[in-house]
Amino acid sequence: MKKLRIAQLAPLWFRIPPKKFGGTELIVHNLTEELVRRGHKVTLFATGDSITKAKLISVYPHGLREDNIPWHKKIYDLLNLNAVFKKAKEFDIIHNHVGLETLFFTDFVSKPCITTLHRPLPSRKKSTSFKIYQKYSQNPYISISNAQRKSIPTLNFVATIYHGIDIKKHEFNKNPKDYLVFLGRISIEKGVEYAIRVAKRIRKKLYIAAFLDELVDKKRFEEKIKPQIDGKLINFIGEIDYEQRVKLLRNAKALLFPIQWEEPFGLVMIEAMACGTPVIAFRRGSVP
């Protein structure tokens, strides 16, 4: 097998691997470490506190969210992109996990840059992001589900590559406890209110283990979710690390996944099923 020089371009919002919340960061970590294990020369462009066997290059010491930098602040992404593309000649391929901003830089290099799409594609044809993807429609893209392609089917999709997990870390449990679990983020897209409604309707204890972005979701959390948390039937335990997440999942009666958007993949679904925990979800995006 030919050994490649690979640049892995990661978002800077959280460490690689994430301390707690961070699905994209976990996928980048798993992919990077396996490529290193297979003998490729990998350079990871990520936060300075990232833990990796690859060569690490960083423009920021830790996750941007630790400093409450808002999601729309793109200046650090641009610094990260600059660090990657000025070294483009040193790589055989650049693997972009950041998203749209990277496309503008691909005009200036001859080395291939492939983009794995980690979020839903824009559906509104008049939106700026939709027009940019169309402008760069011939760049190579990897979808993480076939459903993700539907918004812009004309992009140059070279493959659908589903997310994976380290199956050895997800112990099967055939005797779960009598509670439900919601995992992810306290955002309107993930539908935590619907999970609470289900738990109340059937009188089953619910544990909500989720990342609360105080810059984006705190107001809605305070007004609509927090008043329903009673510490008995509805329980909020916040962010948890990977080991805690697996333990919570494997002991649950079911995972509630009542998404309100076109879910591009849904990593927590395969984590739950690997533990033998059923998933109850709305039929949207990649869920089927």
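**View 1. Strand 1 and strand 2 run parallel, paired over five bridges.** The model shown here is predicted. Strand 2 is largely enclosed by the rest of the structure, because four of its five residues are buried.

**View 2. Helix 1 covers residues 23-37.** Count 15 residues along this helix. From first C-alpha to last, helix 1 reaches 21 Å, close to the 21 Å expected at 1.5 Å a residue. Gly 39 follows helix 1. The phi of Gly 39 is positive, near 100 degrees.

**View 3. Buried residues of helix 1 pack against strands and helices.** Among the buried residues are Leu 26, Ile 27, Val 28 and Leu 35. Thr 24, Glu 25, His 29, Thr 32 and Glu 33 are buried too. What do the buried residues of helix 1 pack against? Their partners are strand 1 (5-9), strand 2 (41-45), helix 6 (242-250) and helix 7 (267-274). An α-helix has 3.6 residues a turn, so residues three or four places apart point the same way.

**View 4. The second largest pocket holds about 450 Å³ of space.** Its lining takes in 19 residues. Ile 27, Asn 30, Leu 31, His 163 and Gly 164 lie nearest the centre of this pocket. Which element gives the most to the lining? Helix 1 does, with five residues. By type, the lining of the second largest pocket has seven nonpolar, eight polar and four charged residues.

Notes: Residues numbered from 1 in each chain as written. Predicted model: local features only at pLDDT ≥ 70, side-chain atom pairs only at ≥ 80, totals over all residues. Heavy atoms only, no water. Helix = DSSP H or I, 4+ residues; strand = E, 2+ residues; numbered from the N terminus. Expected span 1.5 Å × (residues − 1). Buried < 20%, exposed > 50% of the residue type's maximum accessible area, 1.4 Å probe, protein only. Contact = heavy atoms within 4.5 Å. 1 Å grid on protein atoms, 1.4 Å probe; cavity = no way out; pocket = protein on both sides within 12 Å on 5 of 7 lines; lining within 4 Å. Points joined across faces, edges and corners; volume = space filled by probe spheres on them. Nonpolar A, V, L, I, M, F, W, Y, C, P; charged D, E, K, R; others polar. Pairing = 2+ DSSP bridges.
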